[in-house]
Each structure stands twice: as structure tokens, then as C-alpha cells.
Amino acid sequence: MVAKFGRQFEESVLSFLLMTMTLLVFVEVVMRFGFNTGIHWVQEVTLHTSAWFVLFGISYGVKVGAHIGVDAVIRLLNPELKRIFSIISVLLCLVYCVLIITGAWVYLAKVYSIGLAMDDTPTPSILMAFIPESMMWDTFKIDVEEPLLPMWFAHGPLLVGFLLLTYRFIEVLKKLLTGEWNEIHMADEAKEALEEAGIDADSVNLGSEEDTKK
Amino acid sequence: MTIGFLFVALFGCMFLGMPIAVALGLSSISTILFFSSDSLASIALKMFEALSEHYTLLAIPFFILSSSFLSTGGVAKRLIRFAVALVGHIKGGLAMASVLACMLFAAVSGSSPATVAAIGSIVIAGMVRSGYPEKFGAGVIANAGTLGILIPPSIVMLVYSAATEVSASKMFMAGFVPGIMMGLILMIAIYIAARVMKLPAEPFPGFIELLKSMLSAMGGIMLIVIVLGSIYGGVASPTEAAAVSAVYAFLVSVFVYRDMGPLKETAWVKEGENGVTLVGRALLQSIVAIPKCINDPDVRKVFNDATKVSLMLLFIIANAMLFAHVLTTERIPHSIAEVIVGWGLPWWGFLIVVNLLLLAAGNFMEPSAIILIMAPILFPIAVQLGIDPIHLGIIMVVNMEIGMITPPVGLNLFVTAGITGHSIGWAVKAALPWLSLLLGFLILITYIPQISLFLPNFIDQMQGYK
């Protein structure tokens with residue numbers, strides 16, 4: 001129940017981000033052609049929405065098996081060896097996560113301590129209304145004179161996204177260690193295309209012989 | 001030393017079975033840490049910049065969204081009906097119509113396996129009913145489906161321009177003529193085969209059916225017209241055209257075709273209704289239906305599918321940019337280029353090497369991943385040998401097409417085997433005669449750059465840049 005709600009929540013957030021970036025560019029096009037105007041912060045917001053979309057999405061991608069890999073070698077191995085290879089893979093993935101998280105932490109701490117802000121994007125006034133005057137700069141690094149969105153907030157998903165990714169990889173590691181899985185689940189475009197057409201992809205005869213022909 | 005470490009780490013990680021994105025990222029980061037003085041913080045910043053500073057890349061999620069709205073069986077049926085009405089009456093017409101339908105559907109969906117599944121599952125059975133050998137039909141479809149990545153708008157071309165900073169609009173212009181040409185080559189071959197094998201022709205259904213079927217297919221065809229028209233006309237960037245096409249695809253599939261969404265079961269015409277009330281009722285229904293879309297299972301599924309594919313690709317691209325950064329700072333392509341130029345290899349010899357390398361890679365990797373790894377290496381070398389970057393891009397794309405129908409990772413072969421219920425080996429044999437056409441076409445494309453460069457140069461001239 002909780003798992004189902006969590007999944008729907010993730011999907012809703014990601015769909016919302018995807019929809020937002022599409023509509024932002026669409027509205028920009030309509031405004032330029034229809035009214036010959038534009039909003040100066042739209043491009044920056046669109047680009048950062050897409051970055052948030054990817055950063056929040058990669059961990060979801062691990063959960064639903066959306067990422068792709070090369071299985072040319074490991075599919076030749078027996079299940080036990082395959083599991084060991086996959087465990088090493090996930091451990092290396094975790095090394096990757098730790099490296100990026102360390103870097104992101106140092107980077108964001110620096111950005112926060114300097115108090116850098118975005119180039120064009122203003123802080124939404126709804127958010128500003130909730131922040132007491134004294135905390136504006138000291139806690140949130142928002143310049144009251146020119147309230148641009150603080151950069152630590154805009155770039156923060158880098159840290160959050162990779163923390164979530166670490167969590168998902170640990171989950172995969174658990175499944176591999178307990179033997180529930182013997183490989184990392186990856187996407188297969190061909191299988192999905194078949195399933196879309198209503199055909200069971202596991203029934204495909206991978207050999208060259210015709211003996212199993214229905 | 002650096003080169004060796006980078007590539008051993010990359011291929012080691014990939015063959016262990018790691019996600020390609022992480023393999024690219026980890027091998028690049030460890031190379032940076034071992035062989036240069038960049039800090040982890042600067043790598044994290046690079047990663048964020050790779051995700052947030054490339055406006056052209058936004059076209060990828062937008063095109064994926066628009067194609068997942070329109071890659072439905074309903075759209076496939078309409079395009080097939082139109083194609084059959086148009087060319088079905090020629091000898092071997094049903095097979096030719098399948099090629100045409102594949103070309104149109106491929107342009108709308110941008111995915112080769114999806115094209116083979118959607119078109120193939122309908123037309124192969126139809127061809128068998130009309131007396132074609134099943135092998136013939138399956139081979140044609142497996143090959144025609146590969147046109148998806150050559151006919152613009154194409155995701156693989158966007159990936160190439162992300163990897164090399166070549167203009168995506170130019171790539172879209174360059175792919176058009178080769179795409180049509182390959183379609184025509186297939187159709188001519190079918191015509192000749194039909195004469196020899198005495199394959200049947202369909203009766204001509206009459207101009208009224210032709211017009212009707214065209215009108216019904218228009219929703220899909222207009223998407224190609226909007227995208228290519230606005231890009232070729234120079235009025236919109238690929239990103240803007242893609243955003244418009246995503247919104248257009250949503251409107252067409254939910255409110256016009258009604259293949260999905262809240263109006264799925266609602267008929268367009270009620271009995272004894274006149275035009276005015278019909279339009280009025282349709283408008284009213286559509287307005288009521290818009291908020292319902294948010295919680296509609298079909299619409300949500302389209303968004304989820306598009307989300308998965310987009311974030312997978314964009315994450316690979318972000319890591320590939322780290323990889324490209326390592327290549328440039330370590331001047332790896334330059335050292336390779338010096339070696340190759342030192343061999344005295346002429347440009348055509350280099351292109352043979354490129355073709356062989358890509359065909360080999362295409363046997364075990366996905367097209368976008370190959371382009372992201374190979375393009376940053378091949379691109380500087382090609383430039384030094386005087387090869388046009390756009391021409392190189394088209395060569396790479398055609399190689400990727402061939403990779404889709406050669407075992408073991410030939411996605412189209414897998415799908416063809418799936419929809420016909422035969423084995424992969426059978427699908428390989430079915431596709432083989434047509435594959436030789438594709439290989440011949442690759443040689444044409446490689447050694448006659450004008451085929452690819454004619455249209456982009458012509459449009460440049462028209463707009464007065466040259």
C-alpha cells in the first residue's frame with residue numbers, strides 16, 4: 001500500500017516536471033509568434049526543470065528498470081556467476097554515487113556560503129511571504145533588494161537525486177545478496193515494443209531452429 | 001596511459017553489466033581523479049551543467065512525449081489504410097504500402113522497434129492472406145522499420161548533435177533525402193521481386209477512399225509537416241518544434257482520434273445530428289475532458305513511458321558529457337588523429353574503418369550509447385581529414401540502422417520474431433536479402449556526401465547564408 005502510493009507519488013512528480021517543461025517552451029513559442037513578447041526567466045526555469053526531472057528520475061529509473069546496459073557478456077554466464085558480476089556492478093555504482101555526493105556536498109556548501117543566486121529567475125513571492133525578514137539572507141541566502149532564486153536551492157536536487165539513487169542501489173544490492181534477483185533489471189526496447197503490441201516477449205524463440213514453432 | 005585506463009575502465013564496467021550511464025560516469029570520474037588535478041566539486045558542477053545548460057537537448061524528452069502519444073495501434077491502422085490506398089494497386093503493392101506506412105510511422109514515432117511492432121503486427125498477416133510468402137513480408141518490415149532513426153525527427157540525430165555540437169536542424173535536413181531514398185530503393189526492389197515472384201496487386205480503391213484515408217491519416221502526417229516545416233523554414237528551433245509537436249500530439253490523440261483518454265468511448269457523430277451541434281458538442285466535451293486527463297490512466301501511462309525513456313537517455317548524455325570532457329582535456333582524439341594521419345590514411349580509407357568499427361559496435365550496443373561514445377572520438381579526426389561533420393553524422397546513423405537488423409542485439413529482429421512467432425534465426429534469414437540493400441545504401445551514403453549535404457546546403461542558399 002505504502003509502496004504503491006510512493007510509486008504513484010514519484011510518477012506524478014516526474015510527469016508534472018515533464019509537463020511543466022513542455023508547456024513552458026510551448027507557451028514561449030506561442031507568445032513569441034502570437035504576441036511578439038516573452039518572459040526573460042522562462043528559458044532558465046525550463047532548463048532547471050529538466051535537470052530536476054532527470055535528477056529525481058534516475059532513482060525511479062533504477063526501481064522500474066528503465067536504464068540500459070550491455071548484457072552481451074553476462075548473459076553467457078551461469079546464474080551464480082551472473083549474480084556475482086551483478087553484485088560487483090552495484091558496488092561500483094555505489095562508489096560512483098559516493099563520489100558524486102561528496103563532490104555535490106562540497107560544491108553546494110561553497111555556493112551556499114558565498115550566497116550565489118540564479119541569473120534570471122526570481123524567488124516566487126508566495127515562498128517569500130512565509131520567510132521572516134531576518135532569515136532571508138542569513139538562512140536562505142535571498143537578497144531582499146533583488147530577490148533572485150538562491151542557487152543552492154536550484155542546484156540542490158543534485159545532492160538529493162544522488163542520495164535517492166544510492167538508496168535504490170542499496171535496495172538492488174539487498175535483492176542480489178538474498179538471491180531474489182540474479183541480475184540488475186534493465187530496460188529492453190524491443191521487449192517493450194512487443195508488449196505494447198500485445199505479444200508476450202518471453203515467448204520469443206531465441207535460437208535458430210524452428211523446432212518450437214507454434 | 002590515460003587513454004588505456006579510460007577505455008579499460010569504461011569497457012570493463014560496461015561488460016560487468018553496469019548501466020551504461022554509470023559506466024561512462026565512473027570511468028570518466030576515476031580518470032579525472034587519477035590523472036588530473038580537477039576536484040570532485042568541479043566534477044559535480046560539470047554534471048549539473050551537463051543537465052541544465054543544453055537547450056537543444058530538451059527536444060529529446062519532447063519528441064519522446066509526442067511519439068508516445070502517437071505510437072498507438074490506431075495511428076498505425078490509419079497510416080496503413082492511407083498507404084494501401086495510395087500504392088496498393090501496383091504489383092507487390094501491399095509490401096510497398098507497408099514500407100510507406102513504416103516510413104510515415106517511423107517519422108512520427110522515431111523508434112524502430114516500435115515501428116516494426118505496430119506496423120508489422122498488422123501488415124505481415126495481411127500480406128500472408130493476399131498470397132505473399134511470410135518470409136518476404138517479415139524481411140521487408142524488419143528493414144523498413146530501421147528508417148525510424150534516419151527519417152527526421154530522429155532521437156538518434158539529436159543525440160549525435162548533443163555529442164558533437166553540430167546543429168540539430170542541419171542534421172534533420174540532412175537525413176531527409178537519404179531517408180526517402182532508402183524507402184524508394186526498398187520499394188523498387190519490392191517491385192522487381194514482385195514481377196519475378198508474380199505477387200498480386202490490390203484493386204485500386206477509388207479516389208474517394210484515397211481522399212478519405214488521407215484525411216484520416218492527416219492527424220499523424222501533419223505532425224511531420226509541422227516539425228519539418230518549421231525547422232526547414234527556419235522559424236523554430238528543434239526544441240520549440242518538439243514542444244509544439246508534443247502538445248499537438250496530445251490534442252490529436254485525446255480529442256481528435258480519441259484512441260485514448262477520457263473521450264475514448266465517445267463517438268464523434270450521433271445519429272441524425274447536424275454539423276453545428278456536432279462541432280459544438282465536440283468542443284464542449286473536449287473542454288470538460290481536459291481536467292479529467294490529469295487522472296486518466298491512458299494519459300498517465302503515456303507520461304510514464306515518456307518519463308522512463310527520456311530520463312534514461314538524458315542521464316546517459318550527462319555522463320557522456322563528462323566522458324567527452326575527459327577526452328578533450330586529455331587531448332585523446334588528437335593523439336589518435338595524429339597516429340591515423342601518420343599512417344597516411346586518406347579520408348575514404350578512414351571512413352571504411354569507421355564503418356567497420358560502427359558495424360561491430362552495433363552488434364552489441366544500443367544506437368544512442370554507441371553515438372555518445374564514438375562521436376566525440378571520431379568527430380575531431382574526421383574534421384582533420386576534411387570530412388563534413390553532418391556527413392559523418394548521417395554515416396553513423398545509417399550504420400546504427402544496420403545494427404538494428406544484425407544479430408545478436410538486432411532489436412528489429414527480436415520484434416520481427418516476436419510478431420511472427422518464428423525464431424530469431426528465421427528472422428535473420430528473412431531480413432538478409434534486404435540487409436544487402438541496406439549495406440549497398442551505406443556505401444552510397446559514405447562515398448557520395450552530396451546525398452546528405454544537398455538539402456542543408458540548398459536551404460542555406462535559399463535563406464541567403466551562402
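Which residue forms a salt bridge with R83(A)? The partner is E80(A), with the closest N and O atoms 3.2 Å apart. This is a predicted model, in which local features need pLDDT of at least 70, side-chain atom pairs count only at pLDDT 80 or more, and totals for chains, interfaces and linings use all residues. Residues are numbered from 1 along each chain as its sequence is written, chains are lettered from A and ligands numbered from 1 in the order in which they are written, and side-chain values use heavy atoms, with hydrogens and water left out.

**Salt bridges**

- A salt bridge here is a side-chain nitrogen of Lys or Arg within 4 Å of a carboxyl oxygen of Asp or Glu.
- Side chains of opposite charge can pair when their charged atoms come close.
- By this rule, there are 11 salt bridges over all chains.
- R83(A) and E80(A) share helix α3 (residues 79–114) of chain A. They sit three residues apart, about one turn of the helix.
- Helices are DSSP runs (H or I, at least four residues), as are strands (E, at least two), numbered from the N terminus.
- R83(A) is buried, at 18% relative accessibility. E80(A) is partly exposed, at 45%.
- Buried means under 20% relative accessible area, exposed means over 50%, and partly exposed lies in between (1.4 Å probe, protein chains only).
- In chain B, R78(B) and D259(B) meet in a salt bridge, 3.2 Å from N to O. R78(B) lies in helix α5 (residues 73–87) and D259(B) in the loop between α12 and α13, so the pair ties together parts that are 181 residues apart in sequence.
- R78(B) is buried, with a relative accessible area of 19%. D259(B) is partly exposed, with 23%.

**The surroundings of R168(A)**

- R168(A) forms a salt bridge with E10(A), and their closest N and O atoms are 3.2 Å apart. R168(A) lies in helix α7 (residues 157–177) of chain A and E10(A) in helix α1 of chain A, so this pair links parts that are 158 residues apart in sequence.
- Both partners are buried: R168(A) has 11% relative accessibility, and E10(A) has 15%.
- A network of salt bridges links R168(A) with E10(A), K63(A) and E171(A).
- R168(A) also has S59(A) 6.0 Å away in space, C-alpha to C-alpha. In sequence, R168(A) and S59(A) are 109 residues apart.

**Cysteines**

- A disulfide is a covalent bond between the sulfur atoms of two cysteines. The rule used here asks for a pair of cysteine sulfur atoms within 2.5 Å.
- The count of disulfides over all chains is zero.
- C93(A) is buried at 0% relative accessibility. C97(A) is likewise buried, with a relative accessible area of 0%.

**Backbone features**

- Most residues other than glycine have a negative phi, and most peptide bonds are trans.
- N36(A) is not a glycine, yet its phi is positive, about 60°. N36(A) is found in the loop between α1 (2–35) and α2 (42–64) of chain A. Its relative accessibility is 68%, which counts as exposed.
- R258(B), also a residue other than glycine, has a positive phi near 55°. R258(B) lies in the loop between α12 (238–256) and α13 (275–292) of chain B. At 5% relative accessibility, R258(B) is buried.
- The peptide bond from P152(B) to P153(B) is cis, with omega near -5°. P153(B) is in the loop between α8 (134–144) and α9 (155–164) of chain B.

**Surface charge**

- E189(A), E192(A), E195(A), D200(A) and D202(A) gather in a patch of negative charge on the surface.
- Patches are made of residues with over 30% relative accessible area and no salt bridge; like charges are joined within 9 Å, and nonpolar side chains (Val, Leu, Ile, Met, Phe, Trp, Tyr) within 5 Å.
- E195(A), a member of this patch, is in helix α8 (residues 189–196) of chain A. E195(A) is partly exposed, with a relative accessible area of 47%.

Technical notes: Areas by Shrake-Rupley, 256 points an atom, 1.4 Å probe, with all protein chains shown as cover. Lys, Arg positive; Asp, Glu negative; His and termini not counted. Charge placed at Lys NZ, Arg CZ, Asp CG, Glu CD.
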